[in-house]
Amino acid sequence: MLVVGGGIIGLSIAWLLQRRGHRVVLVDPSLDGPPAPGAGSQAALGVLMAQVFHRSSGRVWRLRQRSHSLWQQWIAGLEAEGHRLPRRRGLLLLAADAAEQVRQQRLAAGRAPLGLPLSLRSSEQLRALRPELPAAALGGLHSAADGQLDPPSVMAALLASARAGGLRTLALEATGIERRGGGWRLRCGDGTSLDAPWLVLCAGVATPGLLAGAGHDLPMEPVRGQALELELDDGPGWSEPGSGWPGVVVWRGLNLVPRPDLPGGRRCWLGATLEPGGDADPRALEDLRGWAGAELPWLQRATVVHHWQGERCRPVRQPAPVLESPEPGLLVASGHYRNGVLLAPATAEWVAERIEGAPA
Ligand SMILES: Cc1cc2nc3c(=O)[nH]c(=O)nc-3n(C[C@H](O)[C@H](O)[C@H](O)COP(=O)(O)OP(=O)(O)OC[C@H]3O[C@@H](n4cnc5c(N)ncnc54)[C@H](O)[C@@H]3O)c2cc1C
């Protein structure tokens, strides 16, 4: 089978299919080179928000829950193979207004019967943390089971693990798809073509163009995101005894991810902006730099070490993600918008089940 696109989605699919005994070819021009400009996965912060999702039923809730559980298994398996996968547990959603606080209280109450570890934090509890949280936070909702993983490390591990198991990779651009006998033909930028009974499209924002060539209209649009890596000065750091930082902290939709595993032990990631289409907006970057008006002296004093950006792929006429089979042998696994890292394992499982459950 052919998998087109080697972001977190394509790598997860290729890795899982190969482990389940399928012969897989992964096609992506950026394999082994610098990431494609705009690719989402290399830009992602890797925040995993499965339990703090506002719904408790439906397709996306089930995908989030399944992915949450699969990530634990996948990480354990990859670490057993010797891959080092930096990650952290815990996620705190801060309430910026009374309406958000009420929503958090309802969410905590609703999750309790499901046995999910969500707990409310008072503003007094938040004020005790160092470095300080935004003073305007009215309270917060902590999820001990959510957290963050490092996307570049996970992607490198999936690729190495799949290759060790026999995955074939081609650093080529897919330029077109067409039906061929009982399967599919993929045309590549170097003039060659590949035939296979199954074709899986997960080429991010390039997916709709490839589908259009086979007569399928599944529009998706890019939504840019900018992110920063910051280094704290000599005030309180992440790993000091009693600092009690709750993991990832989300303030007005922007994530602050402590990264004590990065050089010096005093870095964090901050992101990401939401900018539909076009060029990166300097005003969005400025808002991000100040963590949406958090007014925290320790954050203002921190040094920007790295600034990057990428594109999320958002479906236009339907909710994210797009998991569809427009016709036999053709699978679309794309349009994950803001949660592709979280949803990668459940997406890969969806693909494997479609292929294995198809009539021979
Ligand atoms: C700044 C930022 C922060 C984010 N933070 C998070 C987060 O914290 N948690 C989370 O879950 N999600 C996050 N996301 C969203 C997440 O990154 C995406 O949902 C996810 O990366 C989508 O993965 P993908 O594999 O579908 O697409 P991509 O990562 O875009 O990969 C597509 C791949 O297809 C390849 N490709 C393109 N065209 C072709 C072609 N013609 N032929 C062959 N290959 C091709 C590209 O080279 C690329 O490797 C974030 C996104 C951004 C931009």
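Select Gly-46 and the ligand: a polar backbone atom of Gly-46 sits 3.2 Å from an oxygen atom of the ligand. That makes a polar contact, which is a pair of N or O atoms within 3.5 Å; within protein, one must be able to donate a hydrogen and the other to accept it, and residues adjacent in sequence count only if both atoms are side-chain atoms.

Alone, the ligand exposes 1,000 Å², and the protein buries 93% of that (Shrake-Rupley areas with a 1.4 Å probe; for residues, only the protein chains shown count as cover).

A note on what you're looking at: this is a predicted model, where local features need pLDDT of at least 70 and side-chain atom pairs count only at pLDDT 80 or more, while totals for chains, interfaces and linings use all residues. Numbering runs from 1 along each chain as its sequence is written, and side-chain values use heavy atoms, with hydrogens and water left out.

Next stop, Glu-327, in strand E18 (residues 322-327). Helices (H or I, at least four residues) and strands (E, at least two) are DSSP runs, numbered from the N terminus. Is Glu-327 buried or exposed? It is buried, at 15% relative accessible area; buried means under 20%, exposed over 50%, partly exposed in between (1.4 Å probe, protein chains only). Show Arg-179 too: its side chain makes a 2.3 Å polar contact with the side chain of Glu-327.

Then colour the cysteines. Cys-268 is buried at 0%, and Cys-202 is buried at 7%. The sulfur of Cys-202 is too far for a bond, because the closest cysteine sulfur, in Cys-313, is 11 Å away. The whole structure has 0 disulfides (cysteine sulfur pairs within 2.5 Å).

Finally, zoom out: the protein chain has 9 helices and 19 strands, and its C-alpha trace spans about 65 × 45 × 40 Å along the principal axes.
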